[in-house]
Amino acid sequence: MGSLSDDRWIGAALALAERSRGRTAPNPNVGCIIVADGRVVGRGWTQPGGRPHAEAMALAAAGAKSRGATSYVTLEPCAHLSSRGPACADLLIEAGVARVVVAIGDPDPRTDGAGLERLRAAGVSTVSEVRVVEARRSMAGFLTRRLLARPHVTLKLATSLDGRIAMADGSSRWITGAAARAHAHLERSRHEAILVGRGTLDADAPTLDVRLAGLESRAPRRLLLSRGDAPSGWEIVRHPAAIAALVDVDHLLVEGGAQAAAAFLAADLVDRLLLYRAPILIGSGKPALGDIGLPDLGAAHDVWRLHDARMLGSDRLEVYERR
């Protein structure tokens, strides 16, 4: 466990790591800060495509100031050799850092404890397990892929107060306001892929792009849950379990519609819920979900835990995580 100061700097490194979420698969999105005499002398985050690693970027920025400094990194520095670059544990040793504080260990069997052990063998002081919960949440995509061999799945639902996603005639623009829609676009930018069902494609012809200034290039890959063919620019997913075979996708956003959402819930493949709720009543419109295969009411309890709640204009966002 670290000190209050360690908590603070790991928190800053976690904030840096968020810059590259959804752009580093199959590598984790990691943040690193190098501190000397209470001042930041270098900072880095995993770059698109997975290289350079956060530590390499931070050390390059720090230069000679890294000697005797403390490195704060959100994941155990890698210890394995790669054709794409040296091991970060070796880079930290060569730079002469005196202390390394990490949030969580790396489950990759090529590192898994070996990175910290190599640092200690070289005389570097190490501290681990600092802000573990936040770090696991930050790298949920990488960890889910490692532990469950599939992407981390977020299901987005935008509903009225009475749980409708559209009018009876299918019209749904717009249930939520501009602030909630902007937040949903930010969420898109943090996922490698986004999925909708055939009904949503046919009814709405969604572009699924990111319409936020400066983030337009971060539009995710477009996936279609269907037994039919995919239009140009789309990839077919035949059934929810097939997401395990997606290459370089660690974060998947399921955005619509009711049957696609229900299929992923029924398959027990949803890790996180984004519920945008507008202060309107629709009545006999289209429900947010189809049948999810719930055997009885008891099975619905103790599954989801509220992680965050906030107002976005007049709409309310609630974020739930699997227990």
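Are R188 and E255 buried or exposed?

A: R188 is buried, and E255 is buried too. Buried means under 20% relative accessible area, exposed over 50%, and partly exposed in between, with a 1.4 Å probe and protein chains only. This is a predicted model: local features need pLDDT of at least 70, side-chain atom pairs count only at pLDDT 80 or more, and totals for chains, interfaces and linings use all residues. Residues are numbered from 1 along each chain as its sequence is written, and side-chain values use heavy atoms, with hydrogens and water left out.

R188 and E255 form a salt bridge, N to O at 2.5 Å. The term requires a side-chain nitrogen of Lys or Arg within 4 Å of a carboxyl oxygen of Asp or Glu. This pair joins distant parts of the chain. R188 sits in helix α7 (residues 178-189) and E255 in strand β11 (residues 251-256), 67 residues apart. Helices (H or I, at least four residues) and strands (E, at least two) are DSSP runs, numbered from the N terminus.

Next, E187. Its side chain meets that of R190 in a salt bridge, 3.2 Å from N to O. E187 is buried at 5% relative accessibility. R190 is buried at 15%. Both belong to a salt-bridge network that also links E18 and R272.

Another pair is E321 and R137, with the closest N and O atoms 2.6 Å apart. It too links distant parts of the chain: E321 lies in strand β15 (residues 315-322), R137 in helix α5 (residues 132-138), 184 residues apart. E321 is buried, at 13%. R137 is partly exposed, at 29%.

The whole structure holds 20 salt bridges.
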